[in-house]
Amino acid sequence: MEKLGISCDPNGDKLQERLGSNEVANLFEEEEPSLEEVKEAFEIFDENSDGFIDAKELKKVICTLGFMVVSDVECERMIRVFDDNGDGKIDFNEFVRLVENSLC
């Protein structure tokens, strides 16, 4: 990805404060997360607390956690997969479905 000129600005100060080194992984300690654990994970992604995860917030979390370097377009594509109402964002119910599909 870097060879294509796709990079990430990992200077997510607020996100860094909210995430410990293994905090996201620890949110799902059991095989099936509780609703409270899913809510905690959603709140980490929903940095501005507006009740939605947009492409910018998704990109920031992915990059900060070091999973991969992604473009805005790639994040928008990821969101579209679970964006049932087509608003370009993931609400909590859509996030629950995303988590359920990821664990199956």
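I began with D72, which is partly exposed because its relative accessible area is 42%; here buried means under 20% relative accessible area, exposed over 50%, and partly exposed in between (1.4 Å probe, protein chains only). D72 forms a salt bridge with K59, with the closest N and O atoms 3.3 Å apart, where a salt bridge is a side-chain nitrogen of Lys or Arg within 4 Å of a carboxyl oxygen of Asp or Glu. This pair links distant parts of the chain, D72 being in helix 5 and K59 in helix 4, 13 residues apart. K59 counts as buried, at 19% relative accessibility.

Before going on, I noted that this is a predicted model, in which local features need pLDDT of at least 70 and side-chain atom pairs count only at pLDDT 80 or more, while totals for chains, interfaces and linings use all residues. Residues are numbered from 1 along each chain as its sequence is written, and side-chain values use heavy atoms, with hydrogens and water left out.

I then looked up the overall layout and found six helices and two strands in the chain, running α-α-α-β-α-α-β-α from the N terminus; helices (H or I, at least four residues) and strands (E, at least two) are DSSP runs, numbered from the N terminus. Of the 104 residues in the chain, 35% are buried.

Next I turned to helix 4 and asked myself how many of its eleven residues are buried. Eight of them are, so helix 4 is largely enclosed by the rest of the structure; among them are L58, V61 and I62. Just after helix 4, G66 takes a positive phi of about 75°.

Within helix 4 I stopped at E57, which counts as buried because its relative accessibility is 6%. The side chain of E57 reaches the backbone nitrogen of N48 at 3.1 Å. Leaving aside residues up to four places away in sequence, E57 touches F45, D46, E47, N48 and F52, where contact means heavy atoms within 4.5 Å.

I went back to the salt bridges, of which the structure holds four. In one of them the side chains of K60 and E47 meet at 3.2 Å, N to O; K60 lies in helix 4 and E47 in the loop between helix 3 and strand 1, so the pair ties together parts that are 13 residues apart in sequence. K60 is partly exposed, with a relative accessible area of 26%, whereas E47 counts as buried at 15%. I also found R97 and D84 joined by a salt bridge of 2.7 Å, N to O; R97 lies in helix 6 and D84 in the loop between helix 5 and strand 2, so this pair too ties together parts that are 13 residues apart in sequence.

Finally I looked at S49, in the loop between helix 3 and strand 1, and noted that its phi is near 55°, a positive value in a residue other than glycine. S49 is exposed, with a relative accessible area of 61%.

Methods: A polar contact is a pair of N or O atoms within 3.5 Å; within protein, one must be able to donate a hydrogen and the other to accept it, and residues adjacent in sequence count only if both atoms are side-chain atoms.
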